[in-house]
Amino acid sequence: MELKNLTRQICPPLLWRFAGALKRRVVKSGGVAVRTAVVATGPRVTHCGPRSELRGQVDMRSTKSSIFVGSDCLIEGTLVTEKEGSIIRIGNNVFIGGGTLLDCASSIEIEDDVLISYGGIIADSDNHSISYSRRRGDLARWKAGAYDWSQAPMKPILIRRGAWLGARVIVLKGVTIGEGSVVGAGSVVTRDVAPYTLVAGNPARLIREIPLNDR
Ligand SMILES: CC(C)(COP(=O)(O)OP(=O)(O)OC[C@H]1O[C@@H](n2cnc3c(N)ncnc32)[C@H](O)[C@@H]1OP(=O)(O)O)[C@@H](O)C(=O)NCCC(=O)NCCS
């Protein structure tokens with residue numbers, strides 16, 4: 001099996017580092033720079049399925065967090081796990097556009113065939129307390145590497161199979177987006193979205209149900 005295909009299928013940490021090194025190898029041929037080996041680009045995740053491409057940044061801030069990516073995905077956005085136990089699960093055939101951030105303190109699960117456009121934010125935590133006195137020390141604790149996540153409200157996010165989120169959509173903590181639903185561009189989703197509905201706005205509200213012949 002070609003190295004390119006091998007790295008695409010298993011992408012464990014060491015292999016990705018090796019792949020990165022190979023990608024940087026460039027030779028001059030007749031005055032023209034030529035890559036000696038081109039392999040799938042992508043940073044480290046816990047598991048990456050076959051034919052998936054990770055083109056965005058991955059920032060796992062705890063070695064005890066995890067990111068699972070299924071097969072046939074294209075991830076151009078940024079994946080962040082904040083702390084021990086944070087878990088991002090992405091199914092098969094999922095697209096996440098450039099500039100979209102998945103910021104996971106608790107759990108973000110995205111099922112198969114979901115399309116998420118560019119410039120969005122999916123954040124399962126408020127990161128800070130509503131209370132000024134409790135969040136006043138947040139920055140100092142963050143800089144000291146001793147952040148107190150117990151003060152940050154957080155709830156898992158679930159995006160069900162076949163949903164489509166338009167550009168610059170924000171999804172907040174605790175939201176479940178129903179199967180086959182559509183979220184309009186620029187929406188802020190604060191409440192669950194029923195299956196096969198179209199929602200939009202800030203906060204996102206029901207616009208209409210998606211008719212049976214469009215499902
Ligand atoms: C503002 C915020 C802290 C309030 O959290 P909360 O007290 O749990 O608020 P609730 O989820 O109970 O929402 C209360 C109402 O305000 C609305 N609402 C909450 N946040 C909203 C937002 N960002 N935009 C529009 N409406 C919002 C909700 O729809 C709800 O209205 P409803 O009862 O009519 O449905 C939270 O919603 C938020 O925006 N968190 C920031 C997330 C973030 O940026 N994380 C990264 C930080 S570094």
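This briefing covers confidence, fold, core and ligand shell for the structure above.

The model is predicted; local features need pLDDT of at least 70, side-chain atom pairs count only at pLDDT 80 or more, and totals for chains, interfaces and linings use all residues. Residues are numbered from 1 along each chain as its sequence is written. The chain has four helices and 22 strands. Helices (H or I, at least four residues) and strands (E, at least two) are DSSP runs, numbered from the N terminus. Buried residues make up 32% of the 215 residues.

**Confidence**

- The mean pLDDT of the chain is 86, and 80% of the residues reach 70 or more. pLDDT is the predictor's confidence in each residue, from 0 to 100.
- Confidence is lowest in helix α2 (residues 13-24), where the mean is 39.
- Confidence is highest in strand β15 (residues 157-159), at 99.
- Residues 1-41 stay under 50 in pLDDT. For this stretch the model has 38 contacts beyond four places in sequence. Two residues are in contact if their C-beta atoms, placed from the backbone, lie within 7 Å.

**Contact range**

- Take the contacts in the chain between residues at least 6 apart in sequence: 22% of them join residues at least 24 apart.

**Sheet from β5 to β20**

- Six strands form an open sheet in the order β5-β8-β11-β14-β17-β20, with parallel pairing. Its edge strands are β5 and β20 (188-189), each pairing on one side only. Two strands pair if DSSP finds at least two bridges between them.
- β5 (residues 58-60) and β8 (residues 78-81) pair in the parallel sense over three bridges. Val 58 stands opposite Leu 79, and Met 60 stands opposite Thr 81.
- β8 and β11 (residues 101-104) run parallel and are joined by four bridges. Leu 79 has Leu 102 as its bridge partner in β11. Thr 81 stands opposite Cys 104.
- β11 also pairs with β14 (residues 121-123), parallel, over three bridges. Here Leu 102 stands opposite Ile 122.
- Side chains alternate along β11. Leu 102 and Cys 104 point to one face and are buried. A residue is buried if 20 or more other C-beta atoms lie within 10 Å of its own, exposed if 12 or fewer, and partly exposed in between, with C-beta atoms placed from the backbone.

**Sheet from β3 to β18**

- Another open sheet has six strands in the order β3-β6-β9-β12-β15-β18, paired in parallel. Its edge strands are β3 (47-48) and β18 (176-177), and each pairs on one side only.
- β12 (residues 107-110) and β15 pair in the parallel sense over three bridges. Ile 108 has Ile 157 as its bridge partner in β15.

**Nonpolar core**

- The largest nonpolar core has 41 residues. Val 69, Val 171, Ile 177, Val 183 and Val 189 touch the most other members. A nonpolar core is a set of buried Ala, Val, Leu, Ile, Met, Phe, Trp, Tyr and Cys residues joined through C-beta atoms within 7 Å.
- Leaving aside neighbours within four places in sequence, Val 183 has contacts that include Leu 165, Ile 177, Val 189 and Val 199.
- Leu 165 is found in strand β16 (residues 164-165). Leu 165 is buried because 28 other C-beta atoms lie within 10 Å.
- Beyond four places in sequence, Leu 165 touches Ile 116, Ser 117, Gly 120 and Val 183. Gly 120 is 45 residues away along the chain, with a C-alpha separation of 8.6 Å.

**Ligand shell**

- The residues around the ligand are Ala 123, Asp 126, Asn 127, Pro 153, Leu 172, Val 188, Thr 190, Arg 191, Asn 202 and Pro 203. A residue counts as near if its C-beta atom, placed from the backbone, lies within 6 Å of the molecule.
- By class, the shell has five nonpolar, three polar and two charged residues. Ala, Val, Leu, Ile, Met, Phe, Trp, Tyr, Cys and Pro count as nonpolar, Asp, Glu, Lys and Arg as charged, and the others, Gly among them, as polar.

**Backbone points to check**

- The peptide bond from Asn 202 to Pro 203 is cis, with omega near -5°. Pro 203 lies in the loop between β21 (197-200) and β22 (205-209).
- Asn 127 has a positive phi, near 70°, and is not a glycine. Asn 127 is in the loop between β14 and α3 (132-135). Asn 127 is partly exposed, with 19 other C-beta atoms within 10 Å.
- Asp 72 also has a positive phi, near 65°. Asp 72 sits in the loop between β6 (66-69) and β7 (74-75). Asp 72 counts as partly exposed, with 17 C-beta neighbours inside 10 Å.
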